[in-house]
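Here is a friendly walk through a model of two protein chains, written for reading beside the structure. Please keep the viewer open as you go.

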Number of protein chains: 2
Amino acid sequence: MKPADASAQKSPVAFSSLGQRAQPPTIAKLMAMALETPNLLSLAAGFTDNATLPVDFVRVATEAMLGNPGDREFLQYGTNQGRPRLRQQLAERLAKIELGLDATELQRGLFITNGSQQALYLAMQVLADPGDIILVDRPSYFVFLEMLSGLGLRAVSMPVDAEGKIDAPALGTLLDGLASNGEAQRIKAVYFVSYFSNPSARSLDEAEKNAIAGMLSSRGLLIPVVEDAAYRELYYSEAPAARSVLSLPTWRDFPKLYTATLTKPFATGLKIGYGLCTDEAWLKKMLHVKGHHDFGSANFNQAILEHALTTGNYDGELARIRPAYERKMRALHEALVHEGLPAAGWTWAAPSGGLYLWLEAPATLETGLDSAFCRACLDAGVLYVPGELCFGDQPAKNFIRLSFGVLGERDLAEAGRRFVTVVKRFV
Amino acid sequence: MKPADASAQKSPVAFSSLGQRAQPPTIAKLMAMALETPNLLSLAAGFTDNATLPVDFVRVATEAMLGNPGDREFLQYGTNQGRPRLRQQLAERLAKIELGLDATELQRGLFITNGSQQALYLAMQVLADPGDIILVDRPSYFVFLEMLSGLGLRAVSMPVDAEGKIDAPALGTLLDGLASNGEAQRIKAVYFVSYFSNPSARSLDEAEKNAIAGMLSSRGLLIPVVEDAAYRELYYSEAPAARSVLSLPTWRDFPKLYTATLTKPFATGLKIGYGLCTDEAWLKKMLHVKGHHDFGSANFNQAILEHALTTGNYDGELARIRPAYERKMRALHEALVHEGLPAAGWTWAAPSGGLYLWLEAPATLETGLDSAFCRACLDAGVLYVPGELCFGDQPAKNFIRLSFGVLGERDLAEAGRRFVTVVKRFV
């Protein structure tokens, strides 16, 4: 083997068009920056809290599952689509919050994936060719945006108003502009993170979802919709009221994919997500490609989650975990307020779920990875995700995503203090 | 949601070129045939043996890992490339059998995947565009061949002699033919299953591997090589002697990917495989795409395997599991001999590792899924994998793969009896 640098320059390998596009993810650069900075408090990673991971539950569940020597199938291969009982549990769970849907039909469209990320990847792989357009929320999930870029797809942001809400008339104008450029046929899907979004922590209300559906359907664009509900279960005290595209009548005639994860709010190391697809042909295509990716997600992990759902322990653990994240959110939020961030002209809303604060700096402040502000934060021992990474196009330069997922309350308060100290030097 | 058949015809979704190519895997058809046949004994599935799954080990390992409340990171996200300690263990393990390699360098090239299947998929995604050629062994792993077909790639088989060994002069002629057709540049990789192959149960000896390297390098074709070593650890009494491409001098100047699995011989439900890539640029491209697939395989499962390797339990469990598969192989092999299959003109070799018998029927017998022979076997309550699925091109019609992975010894003997009963009716 050759040393890394030499071979990176001289590789004799001829890459495919996908290989040529594959670029290092931003997260790798953030991690490298973190590693190079001693005593850093990172508000960048979207990881979860080690202190509240359900260690005891997993130990007891594993014991219960494996304690019966006659039943070893948990360690055997499962199926490509996923464990039927787990899919049934998930379908029944959804049918309870999306009234009017039939659990048996939901189960038919449900498939288990390696985190919800794989469901998103499969959806894009089978829907869109290089040069095609995906409509996205603004801001949007930056790992999804980088994946689009890797696949050669173009993200086009749906316009929002000053409050961050979907701006329906502007969306209509955007769609008409694409149509008059002859690009309507290139729009292959619409994607949004609808509950406690990564990064904005906002939820879309039903009126916003209806507005998107209305603008599309009135133009005959009954394109596939992908609703990313990764954070729906991570509310603090009250489940979000808005229905998903699965049961909103305005979306009835669209092919729909609803993606979510069982492990983001629970135990990220188990990595089990799912997709629920209402279009049989689209579902089949994704399953065929999943058969080639890995022909099924780890059966053991699915069985642990199935056990958690059937015993009720999943809800028990979430009831324990949710208030812990609310306390962590408060610790960071209150430190920022207390240290004087609002007086420096920064604005944000304390969220009612999720893992993020989404800060808007004064319009003239640039917060990108190469900015003086970012370097000053690193020097002060605090790291964040630059907001500019979270825009499909026309990136705003003055936003920041802070995650309170990883650090404890005391560290969050200290990180907030460090952050505001830097902010005051840039006023 | 619409009923499956109607929507499959009327889906409003416009699929990408990959989506258009995505086809139902053959395994789905085999599973459907199995489900429709009561009392079937299936020799088709490549599953493993429930009776020898390491249930006790996984229970004890989980208890040990999770029993320390201060150490919960097993349930947290891991990294995209995989746990460093696990990668180190695997690198040291390989360095012990491939003498002359440096474990630290091996670790750098090593990445953890969702079974070895994902490593194969990533390799093909970043190397080859639709229409490109992949050289494959003959016969070859049918899931890999179907994946190539899904990606729009052309499998071209390397010729073998009457004993099934690589036929070097014929390979040279094949390569020259491709060159004279102007297709040399389309050959993007060479792939083979080199230890107790699925389906043939053969291992390639070093002379065969050297012959492939020689035929390629003498024509200036220093193309990426993918050696699939999924069954290398599943020998019955003696580790196979042949070195891999990683240390064979003839392959020194080729970019190399060695793929293997920790869980196929151990606990398939944990689904942890790995790739080891000697070319830094190729490795990076695969990792970038893996970042988009799932940004890392389940950390918990990696930790279980890491625990198994560091404690020595992995080898302890394999020592228990290997003779169980040899007994199962013998049960099926001896039933076939005893019932008179050789006298009916069928030939095969009892393997010294792996999960398969590869039977050659008289040349005039067709064994495909739609053949009279296959239907008669189903009627008699026994199912197999038709050999014709296992050829990249010019499929031979008279081969059969029998798996002894799943059934117990008594069922294997009965399945063998049923099979030979049908054979005798087709003599």
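Putting chain A and chain B together buries about 7,800 Å², and carbon and sulfur atoms give 62% of that area. Buried area here is the accessible area (1.4 Å probe) that two parts lose on being put together, summed over both. The contact takes 87 residues from chain A and 86 residues from chain B, where contact means heavy atoms within 4.5 Å.

A word on conventions before going further. This is a predicted model, in which local features need pLDDT of at least 70 and side-chain atom pairs count only at pLDDT 80 or more, while totals for chains, interfaces and linings use all residues. Residues are numbered from 1 along each chain as its sequence is written, chains are lettered from A and ligands numbered from 1 in the order in which they are written, and side-chain values use heavy atoms, with hydrogens and water left out.

**How the chains meet**

Across the interface, 44 residue pairs are in polar contact, with both residues at pLDDT 80 or more. A polar contact is a pair of N or O atoms within 3.5 Å; within protein, one must be able to donate a hydrogen and the other to accept it, and residues adjacent in sequence count only if both atoms are side-chain atoms. Helix 11 (residues 280-293) of chain A supplies the largest share of the side that touches chain B, with 10 residues. Helices (H or I, at least four residues) and strands (E, at least two) are DSSP runs, numbered from the N terminus. By class, this side of chain A has 42 nonpolar, 30 polar and 15 charged residues. Ala, Val, Leu, Ile, Met, Phe, Trp, Tyr, Cys and Pro count as nonpolar, Asp, Glu, Lys and Arg as charged, and the others, Gly among them, as polar.

A rotation of 180° with 0.0 Å of shift along its axis superposes chain A on chain B, with an RMSD of 0.0 Å. That is the relation of a two-fold axis. In chain A, A:Thr62 has the C-alpha nearest the axis, 3.7 Å from it. The superposition is by least squares on the C-alpha atoms of residues with pLDDT of at least 70 in both copies. Of the interface residues of chain A, 99% are also interface residues in chain B, so the copies meet through the same surface.

**Salt bridges**

Side chains of opposite charge can pair when their charged atoms come close.

| Pair | Closest N and O atoms |
|---|---|
| A:Arg59 and B:Glu63 | 3.6 Å |
| A:Arg418 and A:Glu414 | 2.9 Å |

A:Arg418 and A:Glu414 both lie in helix 15 (residues 409-425) of chain A, four residues apart, about one turn of the helix.

**Backbone details**

The peptide bond from A:Arg138 to A:Pro139 is cis, with omega near 0°. A:Pro139 sits in the loop between strand 3 (133-136) and helix 8 (142-150) of chain A.

Key. Salt bridge = Lys/Arg side-chain N within 4 Å of Asp/Glu carboxyl O.
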